[in-house]
Amino acid sequence: MKKGKRRQAHIQTKHVIAQIAMLVVALILLAPILWMFSTSLKPNDQILTAAPNWMPHPISFEHFHKLFTQAEDFPVARWLFNSAFISTTVTLLALAFTSMAAYAFSRLHFKGRDVLFMAVIATMMIPSQITLIPSFLIVQKLGWFNSYQGLIVPGLAGAFGVFLLRQFFLGIPVELEEAAFMDGAGPAVIYWRVVLPLAKPALAALAIFTFIGAWNDFVWPLIITNDISMRTLPVGIMIFQGRYVTEYGATMATAAVCSVPTIIAFLIFQKRITEGIAMTGIKG
Amino acid sequence: MNKSQWRTAAMFLMPYGVVFGIFVLLPVLYGFYISLHKWHILAPKPEFIGLRNYKLVLSDDLFRIAFARTAFYVAMVVPLGNALSLLLAVGLNQNYRGTTFYKVAFYLPVVMSVSVIAILWRWLYSAEFGIINHYLSQIASLGHQIAPAISPAALKPQWLNSPATAMPAIALMSIWWGAGGNMLIYFAGLKNVPRELLEAAEIDGAGPWRRFWTVSWPLLRPTTLFCLVMSVIASFQVFGQTYILTGGGPYYSTLTIILYMYQQGFGLYQLGYAAAVGYLLFGTLLICTLIQFKLLAVKQ
């Protein structure tokens with residue numbers, strides 16, 4: 001009996017140590033992000049101190065204020081608008097396009113359907129960066145260099161959404177659609193009125209992945225724009241820090257502006273995201 | 001099968017199909033076509049030169065350096081990154097209090113853009129003012145107090161400024177950035193390990209360590225294969241980190257393949273040559289993936 005108790009106590013201690021270790025690891029992993037926000041909120045004289053000062057005191061918004069007021073060389077507000085506009089449009093259109101395709105691949109019967117689907121899925125294995133050169137030339141030939149079309153349309157081509165939604169649609173009981181069919185509904189009505197409402201969880205997960213991915217995209221906006229007013233935030237803040245490399249308060253403020261929207265989106269939808277990843281094995 | 005069904009299907013497939021055709025299928029074929037040409041962006045007409053670009057790339061010293069440095073990066077990021085992801089997943093799987101907090105904390109870096117993390121880590125890595133060297137110097141002076149032989153200035157790496165440490169620094173940053181993604185996949189894998197098997201092993205007297213290696217780890221094999229394949233493919237394409245932080249320097253120590261492709265294509269406008277670099281990387285990744293499948297695939 002005594003032995004059992006000691007063993008219990010031993011296991012207890014082990015659990016406490018493990019939990020402390022987890023907490024320490026979590027704090028270390030969070031530290032860079034906290035440091036970014038902390039620095040962005042500090043007045044300049046508190047940034048380069050002998051010992052790191054984690055809590056800004058007083059909190060100062062001067063760097064953010066400056067970012068949005070001296071707009072000539074670095075139109076941060078414009079970049080913010082570009083990023084928001086592009087990511088939102090990509091998300092909405094990608095959801096519409098991929099859900100339509102996924103509906104055809106899961107519910108309509110036509111010759112060559114499965115071969116076509118396999119061909120689409122196979123392209124998911126193609127590393128995206130290797131086709132940068134041809135994609136760039138195609139966009140240039142279309143006259144889309146430095147344009148919103150050039151920034152948006154290629155982002156709608158990913159096969160992942162088709163794959164995810166088709167899997168989800170296949171799990172929806174066919175009887176529901178058959179009932180609607182009996183009532184005289186055509187495929188368009190069934191897609192819009194029956195399938196899409198039932199697929200809300202999958203659509204939400206896909207929407208949030210697409211949004212974060214489009215917001216954070218760096219390479220494509222980098223090569224497809226060169227006009228300062230057509231840049232997106234990730235590219236813009238890189239240019240900004242190239243000029244103000246040692247102004248840590250200002251560069252951290254740009255980094256904060258660029259990451260707050262995705263962080264908030266993640267915090268709101270974290271359950272959807274983590275479950276979506278578990279469901280499909282894809283990262284944001 | 002009738003005409004109207006075809007028409008309906010075509011209607012549903014059209015919007016995605018057009019975009020897919022122009023921006024996925026076409027680039028793959030067109031890229032190969034470009035790689036067979038001497039294709040300068042300003043030249044009036046590309047000149048067909050067969051496989052000469054590929055020969056030139058393969059005998060190019062800078063490409064070899066880029067390939068070796070990228071392989072070095074992959075060799076750090078893939079094993080260490082996956083080990084960290086698995087470790088974090090095992091931690092999450094203990095169901096301690098605050099699991100949601102941990103999940104969020106571990107995953108948070110993943111939702112940030114490469115340019116944000118690069119700008120942030122440039123500062124963390126600053127040799128003079130960065131907090132990493134600040135805490136390292138505290139450790140060093142603590143060591144000095146214990147063993148005076150240790151110089152208090154012993155731990156002051158130059159990080160991004162030294163050819164020896166620049167690539168490891170970028171690898172460390174990338175591991176931090178990406179660990180949360182694979183963590184969630186490993187976590188899902190661990191959740192699928194049947195409880196009864198773990199309980200049976202426990203009754204047989206297996207401790208947690210033994211239970212993990214004899215029960216969970218073999219069952220995680222498909223998950224591990226998936227994560228490894230995906231991280232190899234992603235790591236070989238490393239670009240933003242080296243482009244923003246070092247531009248490939250110092251002394252080409254962080255020149256990576258896609259960065260080299262970018263420099264050739266958009267810096268020197270040698271589009272044919274750059275396309276060939278991309279296709280050689282594609283071939284490398286195909287071979288890597290096949291090898292991993294051979295080594296790790298679940299034997300039936």
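Chain B has a radius of gyration of 24 Å, whereas a compact globule of 300 residues would have one near 19 Å; the radius is taken over C-alpha atoms, and the globule rule is 2.2 Å times the number of residues to the power 0.38. The structure is a predicted model, in which local features need pLDDT of at least 70 and side-chain atom pairs count only at pLDDT 80 or more, while totals for chains, interfaces and linings use all residues. Residues are numbered from 1 along each chain as its sequence is written, and chains are lettered from A and ligands numbered from 1 in the order in which they are written. For the complex, the predictor gives an ipTM of 0.89 and a pTM of 0.91.

The C-alpha trace of chain B spans about 70 × 65 × 35 Å along its principal axes, and its secondary structure comes to 13 helices and two strands, where helices (H or I, at least four residues) and strands (E, at least two) are DSSP runs numbered from the N terminus. Of the 300 residues of chain B, 44% count as buried; a residue is buried if 20 or more other C-beta atoms lie within 10 Å of its own, exposed if 12 or fewer, and partly exposed in between, with C-beta atoms placed from the backbone. Among the contacts in chain B between residues at least 6 apart in sequence, 68% join residues at least 24 apart, two residues being in contact if their C-beta atoms, placed from the backbone, lie within 7 Å. The mean pLDDT of chain B, on the predictor's scale of confidence in each residue from 0 to 100, is 90, and 97% of the residues of chain B reach 70 or more. Confidence in chain B is lowest in helix 6 (residues 131-146), at a mean of 87, and highest in helix 3 (residues 61-92), at 96.

Lys156(B) is found in the loop between helix 6 and helix 7 (166-191) of chain B. Lys156(B) counts as partly exposed because it has 14 C-beta neighbours inside 10 Å. Not counting residues up to four places away in sequence, Lys156(B) touches Ala127(B), Asn133(B), Leu136(B) and Ser137(B). Lys156(B) and Leu296(B), by contrast, are 140 residues apart in sequence and 40 Å apart in space, C-alpha to C-alpha.

Chain A has 14 helices and zero strands. The radius of gyration of chain A is 25 Å, well over the 19 Å that the globule rule gives for 284 residues, so chain A is more spread out than a compact globule. Its C-alpha trace spans about 80 × 75 × 35 Å along the principal axes, and buried residues make up 41% of the 284 residues in chain A. Among contacts in chain A between residues at least 6 apart in sequence, 74% join residues at least 24 apart. In helix 5 of chain A, the buried residues are Leu132(A), Ile133(A), Pro134(A), Ser135(A), Phe136(A) and Val139(A), and just after this helix Gly143(A) takes a positive phi of about 75°.

Chain A is divided into domain 1 (2-60) and domain 2 (74-280), with bounds that come from an automatic or database domain assignment. The centres of these two domains of chain A, taken over C-alpha atoms, are separated by 35 Å. Seven residues of domain 1 of chain A are in contact with six residues of domain 2 of chain A. On the domain 1 side of this contact there are three nonpolar, three polar and one charged residues, with Ala, Val, Leu, Ile, Met, Phe, Trp, Tyr, Cys and Pro counted as nonpolar, Asp, Glu, Lys and Arg as charged, and the others, Gly among them, as polar.

Between the chains, 65 residues of chain A are in contact with 67 residues of chain B. The largest share of the side of chain A that touches chain B, 10 residues, comes from helix 1 of chain A, and the residues of this side divide into 47 nonpolar, 16 polar and two charged.

Leaving aside neighbours within four places in sequence, Val277(B) is in contact with Val57(B), Phe63(B), Ile257(B), Tyr260(B), Met261(B) and Gln264(B).
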